[in-house]
Amino acid sequence: MLDAFAKEGFDVFAGSEVFLLDNMRNGGKGCITATGNVNPGAIDRLYRNWRSADADRMQAGITATRKIVQKQPMIPALKAVVAHFGNDPQWSTCRPPLIELSASQEKELISELNANGFTMPGLA
């Protein structure tokens, strides 16, 4: 189906990096994703190397990170990740109608990311 869109001159971007590799393998052009704000390096690595022997492993890694983050409300979770890994607590501030993660939500999020080996190189 993606090939049909491509033949018509459409570029197809998945709405989540969870579908990035399948999208690329089927003629898509990439993805537009919220977690690209906290995991750009890994997503870009897969985008640039989707034909490599490591592509499935890279996809599994970015999918695991996405699944951890999306367990919480997305925008407050992304802000909490930047606040934590950037060592800047003010980053977790949300504007109404959004609210910050609770302490237990943030602890769960960061604990799971750490257990998964997540980092944000160059942020702090």
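Me: Which residues does Gln105 touch, not counting residues up to four places away in sequence?
Reply: This is a predicted model, in which local features need pLDDT of at least 70 and side-chain atom pairs count only at pLDDT 80 or more, whereas totals for chains, interfaces and linings use all residues. Residues are numbered from 1 along each chain as its sequence is written, and side-chain values use heavy atoms, with hydrogens and water left out. Gln105 belongs to helix α6, helices (H or I, at least four residues) and strands (E, at least two) being DSSP runs numbered from the N terminus. With contact defined as heavy atoms within 4.5 Å, and leaving out residues up to four places away in sequence, Gln105 touches Gln72 and Pro73.

Me: Is Gln105 buried, partly exposed or exposed?
Reply: Buried means under 20% relative accessible area and exposed over 50%, with partly exposed in between (1.4 Å probe, protein chains only). The relative accessible area of Gln105 is 26%, so Gln105 is partly exposed.

Me: In what order do the elements of the chain run from the N terminus on?
Reply: The chain has six helices and two strands. Its C-alpha atoms fill a box of roughly 50 × 35 × 25 Å along the principal axes, and buried residues account for 37% of its 124 residues. From the N terminus on, the order is α-β-α-β-α-α-α-α.

Me: At what angle do the axes of α5 and α6 cross?
Reply: Axes are lines fitted to C-alpha atoms, for helices over the stretch in contact, and angles run from 0 to 180 degrees between N-to-C directions. The axes of α5 (residues 74–85) and α6 (residues 103–115) come within 10 Å. Their crossing angle is roughly 65°.

Me: How do the residues of the contact of α5 with α6 divide into nonpolar, polar and charged?
Reply: Ala77, Ala80, Val81, His84 and Phe85 in α5 meet Glu106, Leu109, Ile110, Leu113 and Asn114 in α6. Ala, Val, Leu, Ile, Met, Phe, Trp, Tyr, Cys and Pro count as nonpolar, Asp, Glu, Lys and Arg as charged, and the others, Gly among them, as polar. The residues of this contact therefore divide into seven nonpolar, two polar and one charged.

Me: How far apart are the end C-alpha atoms of α5?
Reply: The expected span of a helix is 1.5 Å times one less than its number of residues. The 12 residues of α5 should therefore span 16 Å. The computed separation of its end C-alpha atoms agrees, at 16 Å.

Me: Which elements are included in what covers the buried residues of α4?
Reply: The buried residues of α4 are Ala55, Met58, Gln59, Ile62, Thr63, Thr65, Arg66, Ile68 and Val69. What covers them includes α2 (20–25), α3 (40–48), α5 and α6.

Me: Which residue's side chain makes a polar contact with the side chain of Arg66?
Reply: Arg66 lies in helix α4 (residues 55–69) and, at 11% relative accessibility, counts as buried. A polar contact is a pair of N or O atoms within 3.5 Å; within protein, one must be able to donate a hydrogen and the other to accept it, and residues adjacent in sequence count only if both atoms are side-chain atoms. At 2.9 Å, the side-chain partner of Arg66 is Thr33.

Me: What distance separates the C-alpha atoms of Thr65 and Gly117?
Reply: Thr65, in helix α4, is buried with a relative accessible area of 5%. Not counting residues up to four places away in sequence, Thr65 touches Asn39, Leu113, Asn116 and Phe118. Thr65 and Gly117 are 52 residues apart along the chain, and their C-alpha atoms are separated by 9.4 Å.

Me: What is the phi of Asn87?
Reply: Asn87 lies in the loop between α5 and α6 and, at 66% relative accessibility, counts as exposed. Most residues other than glycine have a negative phi. Asn87 is not a glycine, yet its phi is positive, at about 50°.

Me: Which residue does a cis peptide bond join to Pro96?
Reply: Most peptide bonds are trans. Here a cis bond occurs, with omega about 15°, and the residue joined to Pro96 is Pro97.
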